[in-house]
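Here are a few exercises to work through with the model open beside you. Try each task before you read its solution.

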Amino acid sequence: MITIVVIAVVVIAAVILFVVGRGRIRADGGRGLKHRFGPEYERAVAAHDGDTNAAEQELGERVKQHASLKEQPLSPEDLARYRAQWADIQEEFVESPQQAVTAADALIAGLARDRGFPDGERFDDQIAALSVHHATHVEGYRSLHTAAHGQGDTEEMREAMLEARSLFETLVTEQAGDSDQHRPSSPDGNGHWPLALNRRPTKGSST
């Protein structure tokens with residue numbers, strides 16, 4: 001009888017340790033994902049109606065699929081081409097906001113592809129991979145992609161362009177051997193943005 005009681009106590013203790021251990025592992029994993037993804041973590045939780053388990057499962061799958069991705073460097077010529085194209089797009093925004101955000105969306109998609117991320121034609125895969133490596137910068141690209149498909153007014157397009165630039169700058173500067181890694185994140189190198197992107201459009205204005 002005593003032996004049975006001892007065995008029961010040992011089994012119960014083992015079960016308690018197992019449950020507590022799993023809880024700690026899940027909590028540590030959740031904290032790790034929250035730290036890694038930042039605002040993307042909160043966005044995923046909101047997308048799953050507050051279900052943190054489902055959100056963490058989704059984010060964990062992203063890490064599993066894309067964490068081993070190695071970003072490819074760009075040649076100096078490609079860097080210069082992308083920077084020049086982005087500057088042109090920002091100037092284009094003055095006259096044609098919708099055309100500019102469409103061009104910017106395509107440019108970032110191509111840039112991400114050239115850095116080794118999934119092709120922009122598979123936007124969901126591309127944004128998932130980008131979120132694993134550049135989580136704090138992907139929301140602007142997501143907003144830009146939405147605006148590029150005609151869902152937003154001029155002010156929303158302007159804000160999307162400004163927000164998306166952080167990902168653009170990250171992709172053209174964060175690579176080995178880039179001597180401009182600490183350059184100012186503005187097109188003229190002096191901290192100034194194109195006027196059309198700096199100012200908020202006045203009521204009744206087309207830009």
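**Exercise 1.** Which residues have the most contacts inside the largest nonpolar core?

Before the solution, some ground rules. This is a predicted model, where local features need pLDDT of at least 70, side-chain atom pairs count only at pLDDT 80 or more, and totals for chains, interfaces and linings use all residues. Numbering runs from 1 along each chain as its sequence is written, and side-chain values use heavy atoms, leaving out hydrogens and water.

*Step 1.* A nonpolar core is a set of buried (under 20% relative accessible area, 1.4 Å probe, protein chains only) Ala, Val, Leu, Ile, Met, Phe, Trp, Tyr and Cys residues joined through side-chain atoms within 4.5 Å.

*Step 2.* The largest one has 32 residues, and Ile-108, Leu-130, Tyr-141, Leu-144, Met-161 and Phe-168 have the most contacts inside it.

*Step 3.* At least two residues of this core come from each of H4 (76-92), H5 (97-114), H6 (123-133), H7 and H8; helices here are DSSP runs of H or I, at least four residues, numbered from the N terminus.

*Step 4.* A separate second core has 10 residues, including Phe-37, Tyr-41, Val-63 and Val-132.

**Exercise 2.** Place Asp-153 in the fold.

*Step 1.* Look in the loop between H7 (138-148) and H8 (154-173).

*Step 2.* Asp-153 is partly exposed (between 20% and 50%), at 43% relative accessible area.

*Step 3.* A polar atom of the Asp-153 side chain lies 3.3 Å from the backbone nitrogen of Glu-155.

*Step 4.* Gln-98 is 55 residues away along the chain, yet the two C-alpha atoms, of Asp-153 and Gln-98, are 9.0 Å apart.

Key. A polar contact is a pair of N or O atoms within 3.5 Å; within protein, one must be able to donate a hydrogen and the other to accept it, and residues adjacent in sequence count only if both atoms are side-chain atoms.
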